[in-house]
Amino acid sequence: MATMSKSHRPKPSSGSHRLVLLLIIFFAFLLLLSSVISTGKLGLPYQQTLIDYFATSPRGKRQHSLSDKYLYWGNRIDCPGKNCETCAGLGHQESSLRCALEEALFLNRTFVMPSGMCINPIHNKKGILDRSDDKATEDGWVGSSCAMDSLYDIDLISEKIPVILDDSKTWHLVLSTSMKLGGRGIAHVYGVSRHRLTESHYSNLLIINRTASPLAWFVECKDRGNRSAVMLPYSFLPNMAAPSLRNAAEKIKAQLGDYDAIHVRRGDKLKTRKDRFGVERIQFPHLDRDTRPEFILHRIEKRIPPGRTLFIGSNERTPGFFSPLAVRYKLAYSSNFSEILDPIIKNNYQLFMVERLVMMGAKTFFKTFKEYETDLTLTDDPKKNKNWEIPVYTMDERKESVS
């Protein structure tokens with residue numbers, strides 16, 4: 001057979017050359033990226049790459065990707081620079097948490113949430129749940145903290161703001177990756193405004209860390225009290241309760257049927273001090289009066305007809321304190337649903353989460369303090385008050401001093 005001359009042999013097309021070159025570049029890039037972000041030999045227990053991890057993550061939950069960037073803000077919910085023993089309570093910590101979530105939302109970053117929440121011992125007495133008409137208990141729940149995912153549904157929150165926990169495999173892998181990236185990996189940005197953080201110098205960083213001060217969440221989120229600046233409603237976190245808590249609340253609501261509710265804050269608010277003349281003063285002058293049963297009856301009777309079921313959520317521990325309300329209403333407390341709550345409630349924060357959901361489901365709901373203009377309340381005292389006034393105990397508004 002005659003051989004074909006060199007001039008007549010078919011030449012490889014330029015398109016084939018480009019395809020081969022692109023494939024080589026692509027695989028070289030994958031090898032380089034895998035090498036850069038490998039977690040090997042860093043002393044961490046996870047010997048995977050981020051590519052391996054994200055590629056094999058189970059389906060069904062919010063999926064993180066290699067393009068995600070992160071906002072880290074300490075390893076616990078802020079208790080303004082204090083420890084768990086003096087932390088101010090769930091509502092206070094939620095305001096800090098919401099502030100940080102809003103920052104992540106503003107910066108379009110995944111929020112690295114502390115895996116645990118402090119619980120002040122004074123907020124963790126069993127007497128709130130083990131309510132009885134004949135005795136009060138001072139027994140407390142075990143532990144001064146609880147797992148964050150025992151309070152909140154992390155996947156549900158992630159539908160609005162992507163969240164990972166700081167004890168998760170994802171976070172350890174991201175943190176180790178930042179160590180490999182050097183200056184492009186992480187920046188400590190305490191004191192930098194959120195608007196500056198949107199600039200390219202910061203926006204390209206894998207991790208932004210605001211942990212320089214234990215007061216960081218409060219210092220950085222100076223507008224947290226400005227309602228017009230709030231990106232997330234105050235009801236956001238209460239509605240993000242963990243699945244077991246939401247399920248418990250639904251069961252309680254089903255048993256209550258058609259019901260009303262009141263939330264009575266007393267124990268943490270009735271703090272008095274004497275002025276220089278020895279006269280007792282309080283920041284909420286009418287609160288002690290307005291949250292007593294006879295005054296509650298007067299306040300709610302026009303809105304809640306007699307014979308209705310009234311669910312009471314309160315931190316008042318005096319046995320039988322609300323019993324006088326039974327002359328008009330069928331009273332219900334969390335303690336009436338022990339078969340539902342006992343298997344899942346391990347601390348009062350979990351109980352508060354359930355009670356809030358139950359109260360939000362009531363036909364008519366009276367709060368203690370007004371938060372929104374449309375709220376029904378037991379008192380007209382402002383929720384925030386810097387003035388210390390003489391307490392009022394009678395309906396004729398006569399101010400009486402306490403000897």
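This is a predicted model: local features need pLDDT of at least 70, side-chain atom pairs count only at pLDDT 80 or more; totals for chains, interfaces and linings use all residues.
The chain holds 403 residues, and 44% of them are buried. Its secondary structure comprises 12 helices and 14 strands. The accessible surface amounts to about 21500 Å². Carbon and sulfur atoms contribute 54% of that area.

Strand 2 covers residues 110–113. It has parallel pairings with strand 1 and with strand 5. Strand 1 spans residues 70–72 and is joined to strand 2 by 3 bridges. Within this pairing, Y72 has V112 as its bridge partner.

The side chains of strand 2 were then considered. In a regular strand, side chains alternate between the two faces of the sheet. Strand 2 shows T110 and V112 pointing one way. F111 and M113 point the other way. All four residues are buried.

Aromatic rings were searched across the whole structure, and 4 aromatic pairs were found. One of them is formed by F284 and F369, with ring centres 5.3 Å apart. Their planes meet at 50°, so the pair is tilted. This pair links distant parts of the chain, as its members are 85 residues apart. F284 lies in the loop between strand 10 (280–282) and helix 9 (287–290). F369 lies in the loop between strand 13 (365–367) and strand 14 (376–377). Both F284 and F369 are buried.

Another pair consists of Y349 and F352. Their ring centres are 6.3 Å apart. The planes stand at 35°, so this pair is also tilted. Both residues belong to helix 12, which covers residues 348–360. Y349 and F352 are 3 residues apart, about one turn of the helix. Y349 has a relative accessibility of 0% and therefore counts as buried.

Charged side chains also sit over rings. R98 lies over the face of Y234, 3.9 Å from the ring centre. The charged end of R194 is placed over the ring of F106. In that case the distance to the ring centre is 4.5 Å.

Terms used:
Residues are numbered from 1 along each chain as its sequence is written. Side-chain values use heavy atoms; hydrogens and water are left out. Rings of Phe, Tyr and Trp (its six-membered ring) pair if their centres lie within 6.5 Å; planes under 30 degrees apart count as stacked, over 60 as edge-to-face and the rest as tilted. Helices (H or I, at least four residues) and strands (E, at least two) are DSSP runs, numbered from the N terminus. Buried means under 20% relative accessible area, exposed over 50%, partly exposed in between (1.4 Å probe, protein chains only). A charge sits over a ring if NZ of Lys or CZ of Arg is within 6 Å of the ring centre and within 35 degrees of the ring normal. Accessible areas come from the Shrake-Rupley method with a 1.4 Å probe; for residues, only the protein chains shown count as cover. Two strands pair if DSSP finds at least two bridges between them.
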